[in-house]
Amino acid sequence: MRFDATGKVTLDHIYTQPDPRAYFRLLRPLGYCVPQQAKPYFAKLVKEYREARHVTVPHIVDIGCSYGINAALLKYDVTVDELYARYGDEGLDGKSREALLVRDRKLSRSHQPAQRIRFTGLDTSHQALSYAQEAGFLDDAVHADLEVNEPTPRQRAQLAGADLVISTGCLGYVTERTLVRIVEAQGPRRPWMAHFVLRMFPFDPVEQALGGLGYRTIRVDEVFKQRRFASPQEQGLVLESMSAAGVDARGLETEGWLYAQLYLSRPHDTPGIDDPNREQN
């Protein structure tokens, strides 16, 4: 196993395959589940945005979208477990990429979308983006590394008009630099944001940068399982990183799972939106 600077095992290869089989087959034993846990929060945010902004078909930009998992869950109301079963089936061994795409196109055609949503995926993996768009999970795809480069005029046009910006696990590797560039592509508009961020990564720099763009950020009190540690060595390295950063891992990461927290960022002038942590009467 190879590990990155944070102590996490390097899984880069599963994001650059021509189809999602390796992705789901490797992550299934690790119990990767944060997209499923994120689904009701994203769905609630879409509903609130529709009501507040009177937008019929919200445009969502998914940062680090890989094979369009969040889009599939929200647009077609499938579950992560269904996707594990779908791509982990040994009967798919030997099947071509095109055969999988034919099957997935049937899925996107046969399911009336649970919600009318337009998804634009942003990722550095051309292979994952290509599959997700050809399968019908993504409506548009932006192949770019906005940590390094400004978006091109075409990419700015693709990102423009975003109503919601979401992510499930990429922040920490992706920084405020990417988020600022996405916001700047909107002109005066300010999309709402929801980011699931591993507890090992500080969100303060992102919150400060968004604050400078007119956002108020709330951290949801609940914590969310992301996946099991791939090995005792990975757990030890991550716990060392968390300790060095002053993050208390007792009762959470010490028990064998990586955990994420949810940060909701909305423009300061957003009317009528409740604090998700406030007790309801």
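Seven strands make up an open sheet here, ordered β3-β2-β1-β4-β5-β7-β6 with mixed pairing; strands count as paired if DSSP finds at least two bridges between them. Because β3 (140–143) and β6 (215–228) each have a single partner strand, they stand at the edges, with one side of each left without a neighbour in the sheet. Neighbouring strands are turned by 20° against each other on average, direction ignored.

This is a predicted model, so to speak of local features takes pLDDT of at least 70 and side-chain atom pairs 80 or more, while totals for chains, interfaces and linings use all residues. Numbering starts from 1 along each chain as its sequence is written, and side-chain values use heavy atoms, leaving out hydrogens and water.

Here are the elements that come up below, as DSSP runs numbered from the N terminus (helices: H or I, at least four residues; strands: E, at least two).

| Element | Residues |
|---|---|
| α2 | 34–53 |
| α3 | 69–76 |
| β1 | 59–63 |
| β4 | 164–168 |
| β5 | 192–198 |
| β7 | 257–267 |

Strands β5 and β7 run antiparallel, joined by six bridges, and A194 sits opposite L264 in β7. Helix α2 lies across β1, β4, β5, β6 and β7, at about 165° to β5; axes are lines fitted to C-alpha atoms, for helices over the stretch in contact, with angles from 0 to 180 degrees between N-to-C directions.

Now for N70, in helix α3. N70 counts as buried because its relative accessibility is 4%, and the cut-off for buried is under 20% relative accessible area (1.4 Å probe, protein chains only). Beyond its neighbours within four places in sequence, N70 is in contact with P35, F42, D62, F119, I166 and T168, contact being heavy atoms within 4.5 Å.

Note on methods. Buried < 20%, exposed > 50% of the residue type's maximum accessible area, 1.4 Å probe, protein only.
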